Amino acid sequence: MPDGSVSGPYAVWQIVGLVVTALVAVCFTVVRGHSAAAVAGTTAGLTVAACADWSDDASGLFMVGVALVMVGSFVASAVVAAVIDTLRPDRPLAH
């Protein structure tokens, strides 16, 4: 930036858009009873996208970032899926 500050390759609106889109997709899928697909699909999609976008990094450290995206998207989507699945009114109660 002209003032000397350093910023990442993505704008805030892009990150917010990604989070909102992923959240809607996970919630939509979990409500329809496909929690595992929501978690696996979100994790796979974000991991492949990060790998494709960052693979031109000459240092090879992009794989560390890709691994962090994989773990983070798995954990985040699994937590969201668990919360939504627990709150579903049509979910059978365990005895």
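**View 1. Cover over helix α2.** The buried residues of α2 are covered by elements that include α1 and α3; buried denotes a relative accessible area under 20%, exposed one over 50%, and partly exposed the range in between (1.4 Å probe, protein chains only). The model is predicted: local features require pLDDT of at least 70 and side-chain atom pairs pLDDT 80 or more, whereas totals for chains, interfaces and linings use all residues. Numbering starts from 1 along each chain as its sequence is written, and side-chain values rest on heavy atoms, with hydrogens and water left out.

View 2. Helix α2 comprises 20 residues and spans 28 Å from its first C-alpha to its last, close to the expected 28 Å at 1.5 Å a residue; the expected span is 1.5 Å times one less than the number of residues. Ala-38, Val-39, Thr-42, Thr-43, Thr-47 and Ala-50 are its buried residues. Because they cover an arc of only 135 degrees around the axis, they lie on the same side of α2; the arc is taken over the directions from the helix axis to the C-beta atoms. Ala-36, Val-48 and Ala-52 are exposed on the other side of α2.

**View 3. The largest nonpolar core.** Five residues form this core: Val-26, Val-30, Ala-38, Val-39 and Ala-81. Helices α1 (12-31) and α2 (35-54) are the elements that each give two or more residues to it. A nonpolar core is a set of buried Ala, Val, Leu, Ile, Met, Phe, Trp, Tyr and Cys residues joined through side-chain atoms within 4.5 Å. Ala-38 touches Val-26, Thr-29 and Val-30, residues up to four places away in sequence not being counted; contact requires heavy atoms within 4.5 Å.

**View 4. Surroundings of Ser-77.** Ser-77 belongs to helix α3 (residues 62-87) and is buried, with a relative accessible area of 4%. Apart from neighbours within four places in sequence, Ser-77 contacts Val-26, Val-39, Thr-42 and Thr-43.

**View 5. Arg-32 and the ring of Phe-28.** The charged end of Arg-32 sits over the Phe-28 ring, 3.7 Å from its centre. This assignment requires NZ of Lys or CZ of Arg within 6 Å of the ring centre and within 35 degrees of the ring normal.

**View 6. Context of the whole chain.** The protein chain contains three helices and zero strands; helices (H or I, at least four residues) and strands (E, at least two) are DSSP runs numbered from the N terminus. Of its 95 residues, 15% count as buried.
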